Amino acid sequence: MKHPIKRIALLLLAMFSITISAQETFSDTFSSVSYSNNDGSQNWSTDWLEYNDNNNPANGYISINNDELRFRYIWSENIRRSADLSSYYTASLSFDWSTSSLETGETLVIQISSDGSSFTTLDTFSGTQSGTFDQDITAYMSSNTTIRFRKGGSDWSGNNDRTYIDNVTITGVSVPATDTDGDGISDVVDLDDDNDGITDEEEYCSTISAPFLTSSDVGERSVVINHTDTGYLRLDFSSMDNSFQLDINGSTIHSSVLEFENGALDPGDEYFVFQSDGSFISQPWVANSNGIPRLRLVVNEFGQISLYGSRNTSSTTLELMEAQSGTPFNTIPWVPGNNNTFIITNQAGPGPEGFTGELFASSICDTDGDGISNEFDLDSDNDGILDIVESGVLNESGVADANNDGRIDGAVGGSGSNGLFNGIEDVDTEYAIHSYSILDSDSDGSYDAYVLDADGDGCNDVREAGFTDNNDDGYLGPNPVTVDSEGVVTSGSDGYTTPADNDSNAAYDFREAGAAPTITSQPVDVTTCPGCTTSISATVSADQFQWQYYNGSSWINLSDIGIYSGTTTNLLNIANPTQSENNTPYRLMVSNDSFVCGSTTSNTATITLQVSTVITNRKVTYRVNKN
């Protein structure tokens, strides 16, 4: 049965653990005869601008009349308006339209541009009809996104040739500006959203890491990789000769094929160069001698795409790349829970095709089901041990959590530009990786922070840490579990203190696989006489020993008093037993300090008292019946 988790503090969860996107609109309903109407939540960056007309909204071939933008008898006249969409990660354009008496060849087109000069036609309107236009324009988002209406074919031949436009609206969806850990870096670009020392990429789950293809002169070829429930993707090329396209669920990442070799542009290709200086990557078909990829493409949780390259074969860093013309990447709409298909295509070239790399796909997940995804959850498995402890990052020099809040001390102010603490990263960039190895104590492929039994010994971490698990489900405290807005269990009676190290070997017990001892030689029955001395022993390697006797109804622990000694060793000594010890059963309980989930019980050994058959008193010997 899935462990029930109570969702609490809904407002806080909405603030801190749920990705909330804000919608803004740029709109004109033409309710006023003006080219400067702003009827949306945001203002357009320009007014409507007429070209080859009188730029007067009250009259002319283009005008505003009866709450509509009207076109008549259009030859070279056109009109445009711009909006700043640079802060959004998706956008759409919509409007209502109708046409009247447009003869064959006479059309009105809606066009769009990301730079205000190079336009792409989105749709064409003709005849006598009406409808609603609604289309994604994410690929054209920029600080100067411009829409334009103009004729698309022949000059309109008569004054009754008309088109009417209304309710022009651009809807932009913005990237949340939330900074969960307060380190000054927005979550959307923060590599460690909760400052627990584990990057968000490592806190995702349901991952696939698939290598693909090798260099070969075989012409165009593709590789198909499938993954269920993707919310993040990283594509690394160790070599690339010399162009590729990536299709995700039927949508390409860019409107053109990505070409990297200067002078090799084919129809449908676009050059991709370094953003800083517009230069080309050197020999992308040769692997980097420092082990970093020649190209890295990342699709983040918002579907935004970033492309990086190593400038030459000896580069030690990756640098941001872009289309030479500035054409933006498309935005990928992740659909949680769905199967995703990735098709990577290497186009045929004049020489051997180089196409070697690895695709890493993952999903944002909530391991413990408490409503807070791992990248915001300070205890991702609800075992009462903070992720910062289970990761092993506190073993690194200069890393501490003195206030026990689950975050690295000094991370606010000490995490550079990428939100990952400077002391545990290889470089302060958006593609940084850990300089330490996250602990996976039992080497099963799952980090300690996300499993309930980190060392795989059958004893849950919550118990090995010394905390209370009321129902033995591996979670801290009783059932149901309640948590705060940071994923810390609030329903337990303890937890979140230093985990136990019962054998004092400087390794927490939850990381150290243990087991109950095995007894190699069991105790055996003994026969002795009143007033004599005897012993019962077992051969076993253990940390704790406890001899017990049976009083007829229960087993009782022995201690070193009276006739007994060695009660906490493997050898029980019995001196001067009396008739009351006759036929008493004894057993040994043994355990190991690092394994609190079980002990081992020996076989029972019974002591029998028997008097001697020969008694000598004052030099006179008597023989008696031994019974």
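**Entry 1: F244**

I looked up the contacts of F244 first, where contact means heavy atoms within 4.5 Å. Leaving out residues up to four places away in sequence, F244 touches L235, F237, I253, V257, L258, F260, L295, L297, I344, T345, Q347 and F355. The model is predicted, so I note its limits: local features need pLDDT of at least 70, side-chain atom pairs count only at pLDDT 80 or more, and totals for chains, interfaces and linings use all residues. Residues are numbered from 1 along each chain as its sequence is written, and side-chain values use heavy atoms, with hydrogens and water left out.

F244 lies in strand β16, residues 243-248. Helices (H or I, at least four residues) and strands (E, at least two) are DSSP runs, numbered from the N terminus. Is F244 buried or exposed? F244 has a relative accessible area of 0%, so I put it down as buried. The scale is: buried under 20% relative accessible area, exposed over 50%, partly exposed in between, with a 1.4 Å probe and protein chains only. I also checked F244 against G398: they are 154 residues apart in sequence and 43 Å apart in space, taken C-alpha to C-alpha.

**Entry 2: the nonpolar core**

Next I looked up the largest nonpolar core, which has 33 residues. Such a core is a set of buried Ala, Val, Leu, Ile, Met, Phe, Trp, Tyr and Cys residues joined through side-chain atoms within 4.5 Å. F71, L93 and F95 have the most contacts inside this core. Strands β4 (62-65), β5 (68-72), β6 (78-83), β7 (88-100), β8, β9, β11 and β12 (162-174) each supply at least two of its residues. Which strand gives the largest share? That is β7, with five residues.

I traced an open sheet of five strands, in the order β3-β6-β11-β8-β9, with antiparallel pairing. Two strands pair if DSSP finds at least two bridges between them. At the edges are β3 (49-51) and β9 (120-127), each pairing on one side only. On average, neighbouring strands here are turned by 20° against each other, direction ignored. For such angles, axes are lines fitted to C-alpha atoms (for helices, over the stretch in contact), and the angles run from 0 to 180 degrees between N-to-C directions.

Inside this sheet, β8 (residues 102-113) and β11 (residues 145-151) pair in the antiparallel sense over six bridges.

β28 and β33 (residues 571-575) pair over five bridges, and the bridge partner of T533 in β33 is A575.

**Entry 3: disulfides**

How many disulfides are there, taking a pair of cysteine sulfur atoms within 2.5 Å as the rule? I get three disulfides. With bonded cysteines counted along the chain, the pattern is 1-2, 3-6, 4-5.

C205 and C365 form one of them, with their sulfur atoms 2.0 Å apart. C205 lies in strand β13 (residues 205-212) and C365 in the loop between β24 (354-363) and α3 (387-390), so the pair ties together parts that are 160 residues apart in sequence. C205 is partly exposed at 25% relative accessibility, whereas C365 is buried at 9%.

C459 is joined to C597, S to S 1.8 Å. The torsion about their S-S bond is about 70°, so I recorded this disulfide as right-handed. C459 is in the loop between α3 and α4 (461-464) and C597 in the loop between β34 (584-591) and β35 (600-601), 138 residues apart. C459 is buried at 0%; C597 is partly exposed at 28%.

C529 and C532 form a disulfide with sulfur atoms 1.6 Å apart. C532 is partly exposed, at 24%.

**Entry 4: T567**

Last, I looked up T567, found in the loop between β32 and β33. T567 is buried, at 2% relative accessibility. What joins the side chains of T567 and D560? I found a polar contact of 2.6 Å. A polar contact is a pair of N or O atoms within 3.5 Å; within protein, one must be able to donate a hydrogen and the other to accept it, and residues adjacent in sequence count only if both atoms are side-chain atoms. Neighbours within four places in sequence aside, T567 is in contact with F545, Q546, W547, L558, S559, D560 and L572.

How values were computed. A disulfide is a pair of cysteine sulfur atoms within 2.5 Å.
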